[in-house]
Amino acid sequence: MNIFLLYILLLKATITSFAGLASLPVVQDTLVNQYHVLTNDQLNEAVVITRSSPGPVGLYIVSVGYFAAGLSGAVAGWLAMITPALLVIPLVHYAKRKIDHPRVKAILQAVVIASSGLLFAAAIPLAQDALTDPVTIGIAAVSLVLMLMTELDTFWIILAAAMTSSAASLSGVLLH
């Protein structure tokens, strides 16, 4: 894939997201469904790499770029990740003065709601690829319950899931 096109596609994803994984639907739609330079498994892996390593969640864009086009793709992903942040700084400075305006609040609330819906829509096909046996379904169910019912840090949930997966794999229980 042309690196400039990859940068533009990843930039589109980062511009349309307002927090971490909110760009996931755009990445999945463009790179997995339209251009076929990435599989759902690779997208899942990029998200897992980012979620299990320190740093911003949006760094998965760098992993996606790497999976799509190697090192130059990773650089394109990194540039796509930082470009909106550099462009939005003057906008945020202006918006601070208008943040209490009801119309601005309504727009921001609509963006959050739309991002939530898009994130949920992207999670379904990714879950279909990742939930392959009773162990992975159990890990997902327990993780969901822990996220919804406790204030346990996501790091501990991810660590417990990794340990459970390793134990299941070592004991011969099927994991995809």
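In the protein chain, 58% of the contacts with a separation of 6 or more link residues 24 or more positions apart. The model you are looking at is predicted, and its protein chain holds seven helices and zero strands.

**Overall architecture**

- Following the sequence, the pattern of the protein chain reads α-α-α-α-α-α-α.
- Along the principal axes, the C-alpha atoms of the protein chain fill a box of roughly 55 × 40 × 25 Å.
- The protein chain has 176 residues, and 29% of them are buried.

**Where α3 meets α5**

- Two packed helices are described by the angle between their axes and the distance between the axes.
- For helix α3 (residues 40-51) and helix α5 (residues 102-130), the axes come within 9 Å and cross at roughly 100°.
- An angle of 65 to 115 degrees counts as roughly perpendicular, and α3 and α5 are therefore roughly perpendicular to each other.
- On the α3 side, the contact is made by Asn40, Asp41, Leu43 and Asn44, while α5 brings Leu126, Asp129 and Ala130.
- Sorted by class, the contact of α3 with α5 has three nonpolar, two polar and two charged residues.

**Gln28, a polar residue tucked inside**

- Gln28 sits in helix α2 (residues 24-34).
- Is Gln28 buried or exposed? Its relative accessible area is 6%; buried means under 20%, so Gln28 is buried.
- Beyond its neighbours within four places in sequence, Gln28 is in contact with Asn33, Asn40, Leu43, Ala122, Pro125 and Leu126.
- Among these partners of Gln28 are Asn40, Leu43 and Leu126, which also take part in the contact of α3 with α5.

**The largest pocket**

- Rolling a probe the size of a water molecule over the atoms shows where empty space is left.
- The largest pocket holds about 1,700 Å³ of space.
- Which residues are the closest to the centre of the largest pocket? They are Asn44, Val47, Val48, Ala130 and Ala140, out of 34 residues that line the largest pocket.
- Helices α3, α5, α6 (134-149) and α7 (154-170) are the elements that give two or more residues to this lining.
- The lining of the largest pocket divides into 23 nonpolar, seven polar and four charged residues.
- Asn44 and Ala130 link two of these topics: both are among the residues that make the contact of α3 with α5, and both are among the residues closest to the centre of the largest pocket.

Conventions:
Residues numbered from 1 in each chain as written. Predicted model: local features only at pLDDT ≥ 70, side-chain atom pairs only at ≥ 80, totals over all residues. Heavy atoms only, no water. Axes fitted to C-alpha atoms, helices over the stretch in contact; angles between N-to-C directions. Helix = DSSP H or I, 4+ residues; strand = E, 2+ residues; numbered from the N terminus. Parallel < 35°, antiparallel > 145°, perpendicular 65-115°, else oblique. Contact = heavy atoms within 4.5 Å. Nonpolar A, V, L, I, M, F, W, Y, C, P; charged D, E, K, R; others polar. 1 Å grid on protein atoms, 1.4 Å probe; cavity = no way out; pocket = protein on both sides within 12 Å on 5 of 7 lines; lining within 4 Å. Points joined across faces, edges and corners; volume = space filled by probe spheres on them. Buried < 20%, exposed > 50% of the residue type's maximum accessible area, 1.4 Å probe, protein only.
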